[in-house]
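This briefing covers a few side chains and how they pack together. Please look over the sequence and the structure before reading the points below.

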Amino acid sequence: MVKIEGTLDEIRELIGDARRTVRDVKSTTKKVVKAAKGTKRKLSDWQRYIKNKSNHIKFKRGDKKGRLDLKRMSAAFKRSRK
């Protein structure tokens, strides 16, 4: 614990500065997050291929039934690019 000594006015001045600093930091981080969200990069060819539902190849049986078969999907993707 920190012990603070001083008059009530001095303590209020110190705490007020801290509150202002916290508020400034919060507003700055919100601005940075908003700017970061606003810039989107172009998806790679593979990401666009995966995004398309008609390209999904799924396991039909076994433990992985229903999951995407990425090995077969990647082979199909490579064949389609030739």
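Two residues are in contact when heavy atoms of theirs lie within 4.5 Å. The model is a predicted one.

**Aromatic residues**

- The structure holds 3 aromatic pairs.
- One of them joins Trp46 and Phe77, whose rings are 5.2 Å apart centre to centre, with 70° between the planes.
- This pair counts as edge-to-face, because the angle between the planes is over 60 degrees.
- Trp46 belongs to helix 2 (residues 45-51) and Phe77 to helix 3 (residues 70-81), so the pair ties together parts that are 31 residues apart in sequence.
- Trp46, Tyr49 and Phe77 make up one aromatic cluster.

**Burial and the nonpolar core**

- Phe77 has a relative accessible area of 13% and is buried, because the cut-off for buried is under 20%.
- Trp46, at 29% relative accessibility, is partly exposed.
- The largest nonpolar core consists of 5 residues: Tyr49, Ile57, Met73, Ala76 and Phe77.
- Helix 3 gives the most to this core, namely 3 residues.

**The loop between helix 2 and helix 3**

- Asp69 sits in the loop between helix 2 and helix 3.
- Asp69 counts as buried, since its relative accessibility is 8%.
- Not counting residues up to four places away in sequence, Asp69 touches Ile57, Lys58 and Phe59.
- Ile57, touched by Asp69, is also one of the residues of the largest nonpolar core.

Terms used
Residues are numbered from 1 along each chain as its sequence is written. This is a predicted model: local features need pLDDT of at least 70, side-chain atom pairs count only at pLDDT 80 or more; totals for chains, interfaces and linings use all residues. Side-chain values use heavy atoms; hydrogens and water are left out. Rings of Phe, Tyr and Trp (its six-membered ring) pair if their centres lie within 6.5 Å; planes under 30 degrees apart count as stacked, over 60 as edge-to-face and the rest as tilted. Helices (H or I, at least four residues) and strands (E, at least two) are DSSP runs, numbered from the N terminus. Buried means under 20% relative accessible area, exposed over 50%, partly exposed in between (1.4 Å probe, protein chains only). A nonpolar core is a set of buried Ala, Val, Leu, Ile, Met, Phe, Trp, Tyr and Cys residues joined through side-chain atoms within 4.5 Å.
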